[in-house]
Structure formats: C-alpha cells, structure tokens
Amino acid sequence: MNQKTQSTPRPNLYLIGFMGTGKSVVGQLAAKMLGLSFLDSDLEIEKKYKTSVSEIFKIHGEIGFREMERNFILSGHPKSGCLVSCGGGLPIGEGMIEMLKSNGKVFTLWASPKTIFERTKKNSSRPLLQTEDPFSKITELLSEREVKYRKADKIISTDVRSVSEVAALIQKNYLEELN
Ligand code: S3P
C-alpha cells in the first residue's frame, strides 16, 4: 500500500434498517473487517445524555430523541473512516436519508416482520415495541418506513444469514462501492 492509499480517508458507512435487523452486532464485525472505527448512534446518544434511550423517550418524547439523532449525524461523529450503526428510526425523518447519503455509503439491513419479532420479543429496551401487540406494531411501522429504507445504496437481507455472512456481504459491497 502506498502513502497516498494509506492516507486517503474512507467514506463512512451507515447501516440502517428496522430494529432487530442486526445493525449493531453485524456492524461491529463488519467495521473490524473493513478497518473502520465503529459507532452506534443509540450508544453515543446515551453516553452524551448520560441516560438510556427508554428514559429519553419518557422525558423528551420521540420528537426529542429524533432531534438528538439529527444532531449526532450533523455534528456528533467523524465525517470519514467510520461505520455507524443507526437507530431504526434515524433515517426516517425529513431529509435524513439524503444527509446520510451525502456523508457516505448507506446500506439497509432487511428482515421480515416475523424475524424481527422473534429477535426483539425478549428485549424491553425499545420503547416503540412496548405495546400489547408488538407484531402488529412491527408490521405497521416497517411498512411505513420501507420506502425510506429502500433508498439506501444497498439492501441486504438478514433473514436466513448468520452474523458473519451478513458482515462479509457488507464488506464485499462496501469495497465494490469504492471502486
Ligand atoms: C428505534 C430503534 C432503536 C432506538 C429507539 C427507536 C426506532 O434502535 O433508536 O428505540 O424508532 O426504530 P435499534 O434499531 O438499534 O433497535
């Protein structure tokens, strides 16, 4: 590798997609494989505000949380060299997906409502899924958001793939996007 290649900043990679599609787990592995630093938007917001996403929803509401996500994308993370696992609703607000695409590459991790339900049902840390009927909520929210998730540079299905298979696909597609 020559000096120029070594110092060329690599574009950020934003992983978006519904809750339970594996963005955080897969993202950490893919970041390691690609030599990118790893950030998780929820964790960064929790660190900055010193409280959990659930508490933020209780105190500031969903609107307040979306504002924190927007600020994180605008000014809370490096502009290159990092893979960002984005909270499921982060790319949904007006202009957000366009902002992510202007900052770097954007890949969606996809899964069916059934898979999402199975992966999220034992976890109570997601305020939007704390309802009587989380499966219906997942189906409804996913169909509302699908149009945004489909605007990504790549869509990768995670239904029948292991974490390492999805990470390998991310690596391959990211490197192809650079060429
Ligand atoms: C949300 C997804 C969550 C978190 C918050 C809201 C959403 O992140 O940001 O609970 O609106 O889809 P994950 O997608 O990492 O679960």
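## Helix packing exercises

In helix 6 (residues 113–120), T115, I116 and T120 are buried. The model is predicted.

**Exercise 1.** Find out where around helix 6 the buried residues lie.

*Solution.* 
- Step 1. Start from the buried residues of helix 6: T115, I116 and T120.
- Step 2. An α-helix has 3.6 residues a turn, so residues three or four places apart point the same way.
- Step 3. Look for the cover. Helix 7 (134–149) is included in what covers these buried residues.

**Exercise 2.** Describe how helix 6 and helix 7 are oriented to each other.

*Solution.* 
- Step 1. Two packed helices are described by the angle between their axes and the distance between the axes.
- Step 2. Read both values. The axes of helix 6 and helix 7 cross at roughly 130° and come within 9 Å.
- Step 3. Classify the angle. Roughly perpendicular covers 65 to 115 degrees, and roughly antiparallel begins over 145. Helix 6 and helix 7 are therefore oblique to each other.
- Step 4. The crossing is right-handed.
- Step 5. List the contact. Helix 6 supplies P113, K114, I116, F117 and T120, while helix 7 supplies P134, F135, I138, T139 and L142.
- Step 6. Sort these residues by class. The contact has 7 nonpolar, 2 polar and 1 charged residues.
- Step 7. Link back to the first exercise. I116 and T120 are buried, and both take part in the contact with helix 7.

**Exercise 3.** Repeat the analysis for helix 3 and helix 4, and state their relative orientation.

*Solution.* 
- Step 1. Helix 3 spans residues 41–49 and helix 4 spans residues 53–75. They pack at an angle of about 110°, with axes 11 Å apart.
- Step 2. Apply the 65 to 115 degree range. Helix 3 and helix 4 are therefore roughly perpendicular to each other.
- Step 3. Helix 3 passes helix 4 in a right-handed crossing.
- Step 4. On helix 3, the contact uses S41, D42, E44, I45, E46 and Y49. On helix 4, V53, I56, F65, M68, E69 and F72 take part.
- Step 5. By class, this contact divides into 7 nonpolar, 1 polar and 4 charged residues.

**Exercise 4.** Decide whether V147 is buried or exposed.

*Solution.* 
- Step 1. Locate the residue. V147 belongs to helix 7.
- Step 2. Its relative accessible area is 55%. The cut-off for exposed is over 50%. V147 is therefore exposed.

Conventions: Residues are numbered from 1 along each chain as its sequence is written. This is a predicted model: local features need pLDDT of at least 70, side-chain atom pairs count only at pLDDT 80 or more; totals for chains, interfaces and linings use all residues. Side-chain values use heavy atoms; hydrogens and water are left out. Axes are lines fitted to C-alpha atoms, for helices over the stretch in contact, and angles run from 0 to 180 degrees between N-to-C directions. Helices (H or I, at least four residues) and strands (E, at least two) are DSSP runs, numbered from the N terminus. Angles under 35 degrees count as roughly parallel, over 145 as roughly antiparallel, 65 to 115 as roughly perpendicular and the rest as oblique. A crossing is left-handed if the near helix is turned anticlockwise from the far one by less than a right angle, and right-handed if clockwise. Contact means heavy atoms within 4.5 Å. Ala, Val, Leu, Ile, Met, Phe, Trp, Tyr, Cys and Pro count as nonpolar, Asp, Glu, Lys and Arg as charged, and the others, Gly among them, as polar. Buried means under 20% relative accessible area, exposed over 50%, partly exposed in between (1.4 Å probe, protein chains only).
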